[in-house]
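Hi there,

Here is the structure I promised to pass along. Have a look at it first, and then read on for my notes on what turned up in it.

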Amino acid sequence: MFLNHAALSCLPAPVRRPAFDPARLSTGIVHLGCGNFHRAHQAVATQAAIDAEGDAGLKWGITAATMRRPGLARHLRAQDNLYTLLTRKPQGSSASVIGSIHESIFAGDDAVGLPERIAMPQTRIVTLTVTASGYHLKPNGRLNPQADAIRADLNAERPRTAVGILTAGLARVRENGGTPPVILSCDNVTENGATLRQSVLDFAALQGHDALAAWIERNVQFPNTMVDRIAPTTTARDKADARHLLGGLEDRVPVSAEPWFQWIIGPFDGPRPAWEAHAGTRFVSDVSVFERAKLQMLNGSHMLLGYVGALAGLDTVAAATRDPALAELTTRFIRDEQSAGVTLSADELDSYTQSLMTRFRNPSIVHEAARIGRNGSVKMTDRVMAPLRANLLAGRPAPGATLLIAAWIRCCALQEQGAPGMTLTDPHLETLQRACAATRDNPEAQARTFLAMQNVFGPALPDHDRQVQAVASMLHQLAQDNLPAFLRRLAA
């Protein structure tokens, strides 16, 4: 028997379940990008809000749209949109059934259409988790009008990008004389709300809809947010554990997550769920300090663990953090380099650093290095280059950033050479592979070629030639046979 509404009453006592009847939900939120992170984060907070509000909260059901995975939407529908959240603690796991999703759709075959759903009067909030690459941004944070997906959407009857879908949906709201929903980005993008707002304005202008752009600028709210929770890819173990904890019920699409949960939301007007009912959700006047701490100190150090760990044959974050030398290098990187510009006290920075390392060591979370390594060319600017520039301008050393950049280049080079097990996903993969092929076995040329990619690293670094030499030296060392010994020397 599979998890569904009828099975809720049969669940074992330890399993947490909705305090409301999910069958009574109606849609108040449309979500773009229904992957594991959304189901382990916003959907969980929304369930807590509905639980807290009782019948008044039933209007906050989520219509969740998968953008690339029709199978996920199909499996969710087969389970009455219920699924299991496995909270993975070092000492064991617990199960909760999440029922805040009212409707699951695949954007590619939705008969209604996402713009039409956004324009429905009952839709008061639109949330997004489409990853940073789904915004199609230039290095300066503005919409890239030359991106193939954006160009295709400009005259498309059914837009496929998040920016195109939002613009079309807001155009329908305007045409209908309705109240626009609040647009809430939940992606790891700098000033994600403001950035998405500008992208939508740029898209409307590219379409020649200046009046629409002006209307959006006056009437639509795009609050900034910061989200933080590790939610790995679902595995066979997750499905087996869900079956065990659910007393034998099958769940095709469980999701696992660490205990940590953080959602920081900037101010906006209008109705909203009582998300603060879920511990870790806060409404604040300024999201930027939390955003910078997370992007740099967590996401940046994840990249270091991912790329260096991949080179060392350590395929998960927990495995990489259990390596004493890499753990020491990561701790220094977080506290001494990635804290640049983070306006927290020294004690707060120390505490946050230690909490990150504790989270990374959690053996119950299987966070794959390959997944962290996706889209490195897009992530580099905000997560690594901003603190690196700040440190160099202040005369502070940045060995961790140098190691990270060199490790990423080395991973790209190994993939170009067809090394077994090295598979990076990146929107600029062809360009990166051409650069690797042209500079093979020449670390200095490789470092210079990569650091000249302004779409990845931005303009020339302070004392640029010295930084090129530092990365080249690190590349040479990473190409040697004894990587563990090299890491131990760095950490000494």
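**The aromatic cluster**

At 0% relative accessibility, Trp408 counts as buried, where buried means under 20% relative accessible area, exposed over 50% and partly exposed in between, with a 1.4 Å probe and protein chains only. Before going further, please note that this is a predicted model, in which local features need pLDDT of at least 70 and side-chain atom pairs count only at pLDDT 80 or more, while totals for chains, interfaces and linings use all residues. Residues are numbered from 1 along each chain as its sequence is written, and side-chain values use heavy atoms, with hydrogens and water left out.

The structure holds 4 aromatic pairs. Rings of Phe, Tyr and Trp (its six-membered ring) pair if their centres lie within 6.5 Å; planes under 30 degrees apart count as stacked, over 60 as edge-to-face and the rest as tilted. Trp408 and Phe450 form an edge-to-face pair, because their ring centres are 5.7 Å apart and their planes stand at 90 degrees. This pair links distant parts of the chain, with Trp408 in helix α16 (residues 399-416) and Phe450 in helix α18 (residues 443-451), 42 residues apart. Helices (H or I, at least four residues) and strands (E, at least two) are DSSP runs, numbered from the N terminus. Phe450 has 0% relative accessibility, so Phe450 counts as buried.

Trp408 also pairs edge-to-face with Phe457, at 6.0 Å centre to centre and 65 degrees between the planes. Since Phe457 lies in helix α19 (residues 454-457) and Trp408 in α16, the pair ties together parts that are 49 residues apart in sequence. Phe457 is buried, as Trp408 is. Together, Trp408, Phe450 and Phe457 form one aromatic cluster.

**Helix packing**

Axes are lines fitted to C-alpha atoms, for helices over the stretch in contact, and angles run from 0 to 180 degrees between N-to-C directions. On the α16 side, Ile405, Trp408, Ile409, Cys412 and Ala413 meet Gln446, Phe450 and Leu451 in α18; contact means heavy atoms within 4.5 Å.

Another helix pair to look at is α6 (residues 162-176) with α7 (residues 192-206), whose axes come within 9 Å and cross at roughly 70 degrees. That makes α6 roughly perpendicular to α7. Val163, Gly164, Leu166, Thr167 and Leu170 of α6 make the contact with Leu196, Ser199, Val200, Phe203 and Ala204 of α7.

**Strands and sheets**

An open sheet is formed by 5 strands in the order β5-β2-β1-β6-β7, with parallel pairing; two strands pair if DSSP finds at least two bridges between them. Its edge strands are β5 (101-106) and β7 (182-185), each pairing on one side only. From one strand to the next, the twist averages 20 degrees. Within this sheet, β1 (residues 27-32) and β2 (residues 61-66) run parallel and are joined by 5 bridges, and Val30 stands opposite Thr63 in β2.

Elsewhere, strand β3 (residues 83-89) is mostly covered, with 6 of its 7 residues buried. β3 pairs with β4 (residues 92-98) in the antiparallel sense over 7 bridges, and a hairpin through 2 residues joins the two strands. Lys89 stands opposite Gly92 in β4. β3 also runs parallel to strand β9 (residues 255-257), joined by 3 bridges, with Leu85 opposite Val255 in β9.

**Charges over rings, and a buried glutamine**

The charged end of Arg39 sits over the ring of Tyr83, 4.8 Å from its centre. A charge sits over a ring if NZ of Lys or CZ of Arg is within 6 Å of the ring centre and within 35 degrees of the ring normal. Arg252 lies over the face of Phe2, at 3.6 Å from the ring centre.

Finally, Gln262 is found in strand β10 (residues 262-265) and counts as buried at 15% relative accessibility. Not counting residues up to four places away in sequence, Gln262 touches His41, Met226, Val227, Asp228, Gly280 and Phe290.

Definitions and conventions:
Parallel < 35°, antiparallel > 145°, perpendicular 65-115°, else oblique.
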